[in-house]
Amino acid sequence: MKVKGKNYKSIWLDKKKSIVVVIDQRQLPHHFKLLYLKNIKEIKKAIKDMVVRGAPLIGVTAAYGIYLSMKNNTSDKNLNSSVNFLKDARPTAVNLSWALEFMKKKLLDEKPSNRVHASKKLAEKISNNDIKCCKKIAENGLKIILGIRKRKKNKTINILTHCNAGWLATVDWGTALSPIFLAHRKKIKIHVWVDETRPRNQGSSLTSWELLQEKIPHTIITDNAGGHIMQHGMVDMCITGSDRTTANGDVCNKIGTYLKALSAYDNKIPFYVALPSNTIDLNSKNYLKDVPIEERNSDELTHIKGINSKGKNTKIRITPKGSKASNYSFDVTPAKYVTRLITEKGIHKPSKIEIKKIFS
């Protein structure tokens, strides 16, 4: 995707130096900086500190982390310990464990002498696959947007999204934003309502920045304004990404997604979830028990980051000292509130039967 007119991916391998290059998403939208990750410890820190975030991108980053670890030690012991080391970096995003188990399974079938080369190829394969999946999600989601355009007789389509599920959350294209990018390139009139997505503000800082790069009309709104604009007929569809979707079609996504789905349901507005099929966790069936909900540092809630009048990064407290704060990072939207799941394999009902078909 584009940054000031230049094409970028969110992660790539510097083949001359054999190190991993990522966009430091903590610096956006005010500063565009690249970060160079040289070993598995730096990979874990990048995932944990949200230098990279978004379930698909976390998985790809972890795969490159195994490659960097294999460069130092190709033994079975190091492979197993590296997988375990990275696995707990972010507990909710299922792509992390998926990518690590995929790498482990494939590399255990390789001779240690071939594991550096094989791990590099496997990581690049996962990365390229992610791009292909997201492009297919874009094409499948475009069909829904075209249907709305037909009903609206070519008037502007208003889409509400929550958190960031654009190319910064994947390697390229994105999940929830990919149909929007594709529709805009096909000259379809689109306007996006961007939830700020407290407390880290991935909507107001990252989604808005991506939409600006693509010159897509958008408006940033407070998290609690979604229901209001739906009541007033200002939203034609909602679309979000997912960090983990259960075998029954329940969707775990950034905190606040559940409330948006409830508002959409009450106002008869379709609520779509876009995700690659490897974000579906067939082992998760009871979302109240099987989906781990990450609780992040309360500082994200009690403080806010930005740039001051001198253009310098600053962090200020916005809550009284002594008040307790809980920072739950995800919630789960039950399948009954999800209109359809959009994957690289098509558009599906969020049901156990339909999800089984995806993998058959």
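The model is predicted, so local features need pLDDT of at least 70, side-chain atom pairs count only at pLDDT 80 or more, and totals for chains, interfaces and linings use all residues. Residues are numbered from 1 along each chain as its sequence is written, and side-chain values use heavy atoms, leaving out hydrogens and water.

**The whole chain**

- The protein chain holds twelve helices and 18 strands; these are DSSP runs numbered from the N terminus, with at least four residues for helices (H or I) and at least two for strands (E).
- A compact globule of 360 residues would have a radius of gyration near 21 Å, and the protein chain agrees because it has 20 Å. That radius is taken over C-alpha atoms, and the globule rule is 2.2 Å times the number of residues to the power 0.38.
- Of the 360 residues, 54% are buried, where buried means under 20% relative accessible area, exposed over 50%, and partly exposed in between (1.4 Å probe, protein chains only).
- Among contacts between residues at least 6 apart in sequence, 74% join residues at least 24 apart; a contact means heavy atoms within 4.5 Å.

- Five of the five residues in strand S6 (residues 157-161) are buried.
- Ile 157, Ile 159 and Thr 161 point one way from S6, while Asn 158 and Leu 160 point the other way.
- In a regular strand, side chains alternate between the two faces of the sheet.
- S6 pairs with strand S7 (residues 190-195) in the parallel sense over five bridges; two strands pair if DSSP finds at least two bridges between them.
- Within this pairing, Ile 159 stands opposite Val 192 in S7.
- From S6 the chain crosses through helix H6 (residues 178-185) to S7 in a right-handed β-α-β crossover. Right-handed means that, with the strands pointing away from the viewer, the path from the first strand over the helix to the second runs clockwise.
- S6 also runs parallel to strand S9 (residues 237-240), joined by two bridges, and Leu 160 stands opposite Cys 238 in S9.

**A sheet of three strands**

- An open sheet has the order S3-S4-S5, with antiparallel pairing.
- Strand S3 (11-14) and strand S5 (34-37) are its edge strands, each pairing on one side only.
- Four bridges join S3 to strand S4 (residues 19-23), and Leu 13 has Val 20 in S4 as its bridge partner.
- Helix H2 (residues 55-72) lies across S3, S4 and S5 and runs at about 20° to S3. Axes are lines fitted to C-alpha atoms, for helices over the stretch in contact, and angles run from 0 to 180 degrees between N-to-C directions.
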